[in-house]
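Dear colleague,

I am passing on the structure below, together with some notes on what was found in it. Please read the notes with the model open beside them.

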Amino acid sequence: MLTGRDGLLVEARAALVRAAGAVLLGPAGVGRTALARAAVADLPPRLFREVWITATAASKEVPFGALGQLLSGGHPALHPALVHHTVLAALRERCGSGRTPVLVVDDAHLLDGPSAGVLLSLVQARAVRALVTVRSGVPAPDAVVALWKDVGLPLLIVPALAEDAVATLAEQRLSGPVSRSTTQLLWQWTGGLPQLATALIDHGREVGSLVRDTDQWRWRAPLAVPAQVADLLDRELDRVGRLGEDALAALALGGPLPLSVVEAAASPELIADLEQLGLVRSEQSDDQILVRLRHPMLGAVLRRRMSPARRRRVSAALLASTPQGTTRGASAMASALWAVHAGQPVGSAELLRSASLCLYADPTASEQLARRARERGGGAPAAVALAAALVEQSRTAEAYETLAAALRDAEAAGDRGAQVTVRVALARHRAWVGREPRQAYDNLLRIRADAEAAGDAAGRAEAAAVAVVVQLFSGQAARALHDAHELLGATPPPAGQLRVTLASVAALALTGRTAEAARMGRAAVRRSGSSALPFARGMAAAALAFAELWREPIPTGPVTDPAAGRWPMPDDPLVSGLSHTAWPIFDGYAQRVSGDRVGAISRLRDAVAQQADGEGLFRSEATGWLAITLAEDGRPDEAEAVLREHPVDAVALVPGLRPWATAAVAAAAGQRTRAARLMDEAIAVARTSGCWLVELGYLIYAAHLDPVTGPTRYAGRIAEAIGHVDAERLVTAGRAVLALAGRNPTVLLEHAHRLLDVNMSGEALRLVDEVTRRTGTSDSARLFADLRTRLRAAAPGDPAVAAGLTARETQIAGFAARGLSDREIADQLVLSVRTVQTHLGRAYRKLAVTSRRELADALRLVS
């Protein structure tokens, strides 16, 4: 079956059966031939018989060359007027009596003129049904164009595949789920061309670039160019000539580029020709026209073909066409690379700035620039930049040795400033790579004290700013907030000020002051501006998004480059040339909060795989949230495996995350007493850290673990925490638990609707199920029927919703599916055996099963 072509397939078949045929028009690699084969494959054989003709560049040079197989004797010297009848006779002989010939002409733009004339005459005479494929952007014979312009054959445009179609294609070829970031990469790298996408997927699986990671296929390598794709694109590039390839090479070295810069390498007429050929595309951006290659894979082929001399010549031309002082952002990074390629002098400061610009989107280029800066006397900053690029490529031992060598050099030279810079970088390495934030924090305190004793104000500020961030990621939000306010009052340097401000935003949100966090976050986003590094701008957007997560029903999430998904990036064209996509870790957590477990699990699996590489600042959050969501979905074994393979470690923004995740797994496995004990531990950790928002979330979670006694047990502490938290969504969930303790169905119905209003359908469903369990068949229970129907649509991935099970039925069915006896379930849930059997019987009926053996499969099918 063709992916993403259902509508076109229906149109093409209908045109063949009911009319004279159709023309399929599209670019190279879009799958015109595959679509034609599929269109004729299911034609009734008693009515139709297809005959294929493929035009080639070689056949185009010979009159009637494409029709040779239908002309007796190869290429007889027939008069053109006789060829029509000869071909028609040959078609009828092949098809037999009673069957209509279907003439399929592939690549008809390559037909020689006489053959095209015969094709036109056959269609005009209604002697055949014709299915003709034509490549867009290239000249075709007049007789071929006349097929749709004059004769009226339907012209069916075959477009590139949409992202979701590429995702489907990848899942079909890999026989399993594919992470969204990977489908984004495949889609953007190939421009949605199925021929390229298929080749890239097969190549990635063969060479190990595509791996099965956290139950999803994920691309874990730079862009590769399969041999068959390289051959295809090489043939396209061979047609454009030297000047055309120079223009394309310019885009491969720095695209997208302003039209004025590209015109320095090629004439406007040549650029227009390249656009018509489908090799480049232009777009309006602000007050200028940008030109970019059709897809990144074309750039990879161009760079492979580029000789050192051409690279040098084109880079020099690009530099000459770009006025000095006008480059910034990605353009500044590109100009530094051009200077390197052109062999022109470039200062270490510019090289380091450029290395920072592309650190997360293209760490290989960042490494190249940092090494060149080191050669140019960049000193300690160059060593730090190089180590950062190596860490991003997971070459952590090499990164540590680079820093250690730089420290030895600084000590030998007696350069105190360089020593502070490298020592701070080593402390960061210990925190994020070594996963020892407490020890790193102690190191930073010593560095700060030494710098202060030496009168080094800049060194002291640098160490103090990093210490605030490390403290925040040690689960000490309140202390980090206090230290951050002190530092901001002392006006640290700009880079340190932004770092400390972002830490303050996160700490304010965790401590429950989300309104203040949102105000500070919006100001930080404005201040970061276009001149700040992409990492800083992206983190500012992420800090603001987390502050607003519990305030807005549909928060605006941060975005990222699909090739560097573990880091948030600014919402503008990125260094790698790829369009942005949703940041997986935020996207997954936001979907969990809204009640979409299936969507959350998919995105959080992606986040876990991404955060396992590089510094992995949010590694613990990705792992913990995935395990919790899997447990809530009734999959404790998978959740436990995630925690075992990717443990929640000491680097965690959310205090108490480890006991919370472990409690969720225990609860899903029926270990209610252990789960409650672990949640009490998580609650205590959150309170000690001063994180009221986190504590309130834990209290709500703990209360729902035992819906009979939990709401009453935690009511006082929930009410206290609500007084310290201004996050509307979380407060709404907390008040719903307080209402659950009050047991008034009318009040509970109001709270369920309020939960829906703030886009928390999962919490609303849990509340409705609990009320339904309590009220049985009373009038109050009937009031919830319409709301529960609405909630079923709002939580499409929930197994209980899909099968119509109540929360209690789902819980008991899940325990039974994992092998617990009725007595064991009754003991876990403090119910009678009879009650367990009643709920289990209802679950059996709804799932259409008759035994525990069938239960696990049934639950998985409905999910």
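Five parallel-paired strands make up an open sheet, in the order β2-β3-β4-β1-β5, where strands are DSSP runs of E with at least two residues, helices are runs of H or I with at least four, and both are numbered from the N terminus, and where two strands pair if DSSP finds at least two bridges between them. The edges are held by β2 (48-54) and β5, each of which has a single partner strand, so one side of each is left without a neighbour in the sheet. From one strand to the next the twist averages 20°.

Before going further, please keep in mind that this is a predicted model, in which local features need pLDDT of at least 70 and side-chain atom pairs count only at pLDDT 80 or more, while totals for chains, interfaces and linings use all residues. Residues are numbered from 1 along each chain as its sequence is written, and side-chain values use heavy atoms, with hydrogens and water left out.

Within the sheet, β1 (residues 21-26) pairs with β4 (residues 129-135) in the parallel sense over 6 bridges, and the bridge partner of L25 in β4 is V134. On β5 (residues 155-157), which runs parallel to β1, 3 bridges make the join, with L156 as the bridge partner of L24. In a regular strand the side chains alternate between the two faces of the sheet. In β1 both faces are covered, since G21, V23 and L25 on one side and A22, L24 and G26 on the other are all buried, buried meaning under 20% relative accessible area, exposed over 50% and partly exposed in between, with a 1.4 Å probe and protein chains only.

As for the chain as a whole, there are 44 helices and 12 strands, and buried residues make up 56% of its 863 residues. Its C-alpha atoms fill a box of roughly 100 × 80 × 40 Å, taken along the principal axes.

The aromatic rings come next. Rings of Phe, Tyr and Trp (its six-membered ring) pair if their centres lie within 6.5 Å, with planes under 30 degrees apart counted as stacked, over 60 as edge-to-face and the rest as tilted. By this rule the count comes to 11 aromatic pairs. One of them joins F473 and F618 edge-to-face, at 5.6 Å centre to centre and with 65° between the planes. F473 lies in the loop between α22 (457-472) and α23 (477-489), and F618 in the loop between α28 (597-611) and α29 (619-632), so this pair ties together parts that are 145 residues apart in sequence. F473 is buried, at a relative accessible area of 4%, and F618 counts as buried too, at 6%.

Another edge-to-face pair is formed by F546 and F586, at 5.1 Å centre to centre and with 80° between the planes. Because F546 lies in helix α26 (residues 534-549) and F586 in helix α27 (residues 584-594), the pair ties together parts that are 40 residues apart in sequence. Here F546 is partly exposed at 21% relative accessibility, whereas F586 is buried at 4%. Ring pairs link W432, F473, F546, W583, F586, Y589, F618 and W625 into a cluster.

Conventions. Axes are lines fitted to C-alpha atoms, for helices over the stretch in contact, and angles run from 0 to 180 degrees between N-to-C directions.
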